[in-house]
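Here is a set of questions and answers for someone meeting this structure for the first time. Please keep the sequence and the structure in view while reading.

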Amino acid sequence: MKEKIKEKIVLALDVEKIDEAKDFVDKLSPYTGTFKVGLQLFTGYGLEIINYILEKNSNFFLDVKLHDIPNTVKKAAENIIQNGASFFNVHCQGGVEMMKAAREGADKKADELNKKHPVILGVTMLTSISQEIMNNEFKIDKNVSNYAIELAKLAKKAGLDGVVASADEVAEIKKRLGDDFKVLCPGIRPLWSLKDDQKRIATPNEAIKRGADYIVIGRAVTKAENPVLAMEKIYEEIENGGVI
Ligand code: C5P
């Protein structure tokens, strides 16, 4: 049971200082299947944190949301795999050809290195893009959720493994794109934690029950007075929730 929970947990290392990030990796690697390194940490410290995560035998997810011409994305995907990522993501709005290039580059490099093919996830619409922005700035005259589903379909067509989506959208995505199409859910808040700036939130159990393959845990743990205890409470909630 604990191993199954661990596989689903992606810890968002959204911190400013490398020492803080390393400290979280030290404390939380027994509970975390995958550490997510985003733009802030990656542009600040490059490979240092990634190598640290790999030394602990944990997976890392490079959350840099690639969006460029296909050839550039393909080469970047090769480098991402060379550097040991098990997960990374690309913007669906880069188009099918670009997403296919990511798949091709990543899988080719994984084969060369005798590694498992990585999980590549598509980012449909950033949650910071509202209906108004979509209509008024981008001049896309569509409902934002429907548009996100259309983009998810493109991700599937391009051979990606799944998408990043809020817990509100998981059930619909699974229904439309199949159970095998993976969904990673951010915006996860156990009942006892603060919402912060997240609007559409779900508890770990709600997200898993709706079909989330992975749940992103960030400030609920990293800002807790005792992160290990917070993580243990999350495990307990999931174990008692009967969703796995
Ligand atoms: O601290 P919190 O749990 O809110 O962190 C959520 C993480 O998930 C952050 O790294 C954030 O960038 C990421 N994320 C998100 N919403 C999305 C996509 C990613 O919150 N739609």
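Q: In this predicted model, which elements cover the buried residues of helix 2?
A: The residues of helix 2 (residues 18-28) that are buried are Ile-18, Ala-21, Lys-22, Phe-24, Val-25 and Leu-28. They lie on the same side of helix 2, because the arc they cover around the axis is only 160 degrees. What covers these buried residues includes strand 1 (9-12), strand 2 (34-38), helix 3 (39-45), helix 4 (47-55), helix 11 (219-222) and helix 12 (227-241).

Q: Are helix 2 and helix 12 parallel, perpendicular or oblique to each other?
A: Two packed helices are described by the angle between their axes and by the distance between the axes. For helix 2 and helix 12, the axes come within 10 Å and cross at roughly 45 degrees. An angle from 35 to 65 degrees falls between the roughly parallel and the roughly perpendicular ranges, and helix 2 and helix 12 are therefore oblique.

Q: How many nonpolar residues does the contact of helix 2 with helix 12 have?
A: The crossing of these two helices, helix 2 and helix 12, is right-handed. Helix 2 contributes Phe-24, Lys-27 and Leu-28 to the contact, while helix 12 contributes Pro-227, Val-228 and Met-231. Sorted by class, the residues of this contact include one charged and no polar, and the number of nonpolar ones is five.

Q: Is Thr-34 buried or exposed?
A: Thr-34 lies in strand 2, and, leaving aside residues up to four places away in sequence, Thr-34 touches Ile-9, Val-10, Leu-11, Asn-59, Phe-60, Phe-61 and Phe-87. The relative accessible area of Thr-34 is 1%, and since a residue under 20% counts as buried, Thr-34 is buried.

Q: What is the relative accessible area of Ser-58?
A: Ser-58 is found in the loop between helix 4 and strand 3 (59-66). Not counting residues up to four places away in sequence, Ser-58 touches Ser-29, Thr-32, Gly-33, Phe-35 and Ile-53. Ser-58 is buried, and its relative accessible area is 7%.

How values were computed. Residues are numbered from 1 along each chain as its sequence is written. This is a predicted model: local features need pLDDT of at least 70, side-chain atom pairs count only at pLDDT 80 or more; totals for chains, interfaces and linings use all residues. Side-chain values use heavy atoms; hydrogens and water are left out. Buried means under 20% relative accessible area, exposed over 50%, partly exposed in between (1.4 Å probe, protein chains only). Helices (H or I, at least four residues) and strands (E, at least two) are DSSP runs, numbered from the N terminus. The arc is that of the directions from the helix axis to the C-beta atoms. Contact means heavy atoms within 4.5 Å. Axes are lines fitted to C-alpha atoms, for helices over the stretch in contact, and angles run from 0 to 180 degrees between N-to-C directions. Angles under 35 degrees count as roughly parallel, over 145 as roughly antiparallel, 65 to 115 as roughly perpendicular and the rest as oblique. A crossing is left-handed if the near helix is turned anticlockwise from the far one by less than a right angle, and right-handed if clockwise. Ala, Val, Leu, Ile, Met, Phe, Trp, Tyr, Cys and Pro count as nonpolar, Asp, Glu, Lys and Arg as charged, and the others, Gly among them, as polar.
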